[in-house]
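Work through the exercises below with the sequence and the model side by side. Try each task before reading its solution.

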Amino acid sequence: MRIVICIENAIDVTQPFQITENQKNIGNCVNILNPWDEFALEAAILQKEKQEAELIVLTIGDEKSDKSLRNAFAMGCDTMIRVDVDPFYLNNSQIAEILAKAFKKVGNPDLICFGKKSIDFETGMTATLVAKIMDLPYLPSITTIDELDTEKIISTFRIDQEKIMTSVNLPAVISVSKEFAEPRFPSFLGTRKAAKTSIIIWTLADLDIGPKKYANPDFNITTIPVKNVHTEMIRGNDNLEIVSMLDAKIKEAGV
Amino acid sequence: MNSQKIVVFIINLPEHPGLLNWQIVSAAQKIRAFSSANLELVVIGNLDNSVLEKAKSYKFEKINVLNIPYTALLINSLFQSLAFFLKTINPQIVLFSESHFDLELAASCSIALNLPLITQVQSIQIKDNILFLSRTILGGKAKQAYKFESASGIFSFKTNAFSEPLEDSLDHDPEIVHVEIEETHSKIKILSIEECENILPIEHARIIVAGGHGLLNSPAQPPNGLSQIEADQWKLNQGLKLLQELANCLGGSVAVSRSLVDSGYAPYELQVGQTGKMVEPEIYIACGISGAIQHTIGMNKSKLIIAINNDENAPIFKIANYGVHADLYEIIPEWIKFRKEK
């Protein structure tokens with residue numbers, strides 16, 4: 001069985017970053033393997049532990065993405081592929097289009113796994129767009145894989161207050177919820193192997209995508225000023241006095 | 001610009017009333033002020049009287065009714081005929097809410113019409129004949145504003161970013177078209193649908209009482225004979241019950257921080273933070289939460305933040321409007337008592 005896991009080299013939003021002067025890009029940032037994608041990797045690796053499976057981790061990005069690819073590989077994947085395009089100025093559908101071509105070139109993947117969304121731009125639409133372009137069934141935020149063989153996947157996902165169990169003939173696109181399993185850390189051996197393994201690089205031309213001139217970004221990025229909070233510590237002679245003050249504060253807020 | 005069309009999708013399924021959301025009409029009206037386009041409504045599900053009256057009062061010129069059953073939405077068996085329908089009406093702008101089904105339809109729409117899809121739009125501005133649609137990115141630290149000189153695209157709007165539109169008089173008769181939508185064979189077979197425990201989605205709560213690792217410091221003694229893990233689980237359940245009681249008194253919901261979910265003590269639906277939910281309630285009461293950035297990303301847009309923590313140096317106090325340096329197990333019971341006595 002061939003499983004492709006699509007990852008993103010995301011901006012670590014818990015670290016400082018700078019918006020470039022032209023307000024079009026982010027500079028001086030720390031990149032990490034998108035935390036949501038770790039759940040997709042874990043789901044795939046758990047399947048490989050149960051049956052014969054080849055795990056291919058794939059991303060779109062420049063060489064800055066290699067570290068995240070190697071991290072994912074070190075968790076337990078077999079092959080790394082990078083489509084060499086800076087995705088920053090691409091919109092959702094353009095990214096999905098490139099991915100769809102890349103999955104085709106991988107050669108008949110049975111299962112394509114995504115994380116639920118990215119922590120930086122949070123669109124969460126890539127998986128479903130890819131599925132629609134490739135005319136494949138899409139299972140959103142699955143919490144368990146109850147059965148997986150070369151023919152079908154039986155899995156469960158949750159929408160609002162309903163738990164839905166479905167059976168789907170492969171190939172299929174899935175996104176994986178955090179509830180699936182706690183992702184493992186890259187192993188020591190895996191990390192060493194990842195450092196020695198070379199990454200397969202594909203250009204847009206390799207994917208038969210013409211030298212499209214993607215339009216200049218039609219957006220501006222600006223910082224949202226940090227709310228300057230003045231913290232008032234509530235003190236009182238006893239707890240009753242404290243809670244009556246707290247209660248008064250929430251009443252003032254009109255609730 | 002004359003033949004421009006703004007199409008608004010709503011979902012009206014009697015068995016899932018929560019999916020009906022008229023807020024996007026406010027967004028449509030704002031965009032219409034920019035592009036002077038015709039306003040068309042697409043009703044997925046039933047055109048009942050209440051929907052018809054609203055559609056009239058919001059001055060939709062045309063109503064397209066696509067009577068689609070819930071399961072067809074679930075297994076996504078409509079893509080081809082939906083794409084065909086969309087191409088016949090050929091809109092430049094299509095607007096959606098952000099339920100799972102709305103987003104699935106939005107994705108279909110984007111592929112069918114070959115228009116870019118922008119999700120989680122939070123505000124609309126028009127300046128010097130340029131339309132700006134903005135969304136929050138990078139964990140709430142930055143804003144991405146898309147610019148349009150002539151608007152086209154598929155846009156979805158964050159829940160509660162816009163208020164309900166104002167209703168106008170009903171002296172307006174929209175054209176009503178019932179569109180035949182044929183299901184195609186879906187590769188998805190539903191085996192079972194199970195109702196889950198009824199947890200109020202925390203992203204809709206006006207008041208959130210949230211608990212963190214500090215809940216494990218309960219002074220109560222667990223019953224004898226429990227292992228360490230069982231004893232912690234017992235303490236946590238006591239703590240969560242306490243928070244639930246306060247939440248009930250205040251009319252709010254309970255949420256938790258990541259550590260309680262990762263260690264299996266609390267369900268994922270309750271998690272606030274980077275790999276949980278982003279919430280913006282009127283009041284957020286953080287009890288025994290230290291305030292790691294992965295947590296605060298998910299709640300720092302709350303209008304009023306109260307932190308109760310027995311660690312004076314907990315980072316949560318840096319973002320809280322009001323802080324109480326005390327043991328939550330002393331403050332919360334007192335607060336419940338205070339509320340109940342009133």
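**Chain B in outline**

Of the 342 residues of chain B, 45% count as buried, where buried means 20 or more other C-beta atoms within 10 Å of a residue's own, exposed 12 or fewer, and partly exposed in between, with C-beta atoms placed from the backbone. The model is predicted: local features need pLDDT of at least 70, side-chain atom pairs count only at pLDDT 80 or more, and totals for chains, interfaces and linings use all residues. Residues are numbered from 1 along each chain as its sequence is written, while chains are lettered from A and ligands numbered from 1 in the order in which they are written.

**Exercise 1. Describe the overall build of chain B.**

Step 1. Count the elements: chain B has ten helices and 16 strands. Helices (H or I, at least four residues) and strands (E, at least two) are DSSP runs, numbered from the N terminus.

Step 2. Take the extent: the C-alpha trace of chain B spans about 70 × 50 × 40 Å along its principal axes.

Step 3. Divide the chain: domain 1 covers 5-178 and domain 2 covers 202-341, with bounds from an automatic or database domain assignment. The C-alpha centres of these two domains of chain B are 37 Å apart.

**Exercise 2. Characterise the side of chain B that touches chain A.**

Step 1. Count the residues: 66 of chain B are in contact with 61 of chain A. Contact means that the C-beta atoms of two residues, placed from the backbone, lie within 7 Å.

Step 2. Find the main contributor: strand E11 (residues 188-195) of chain B gives the largest share of this side, eight residues.

Step 3. Sort by type: the side of chain B that touches chain A holds 33 nonpolar, 18 polar and 15 charged residues. Ala, Val, Leu, Ile, Met, Phe, Trp, Tyr, Cys and Pro count as nonpolar, Asp, Glu, Lys and Arg as charged, and the others, Gly among them, as polar.

Step 4. Check the pairing: E11(B) runs antiparallel to strand E11 (residues 162-169) of chain A, joined by seven bridges. Strands pair if DSSP finds at least two bridges between them. A:Val168 has B:Ile188 as its bridge partner.

**Exercise 3. Is B:Ser57 buried, exposed or partly exposed, and what does B:Ser57 contact?**

Step 1. Locate B:Ser57: it is in helix H2 (residues 49-57) of chain B.

Step 2. Apply the count: B:Ser57 has 17 other C-beta atoms within 10 Å and is therefore partly exposed.

Step 3. List contacts, leaving aside neighbours within four places in sequence: B:Glu167, B:Asp168, B:Ser169 and B:Leu170. The C-alpha atoms of B:Ser57 and B:Ser169 are separated by 5.4 Å, although 112 residues apart along the chain.
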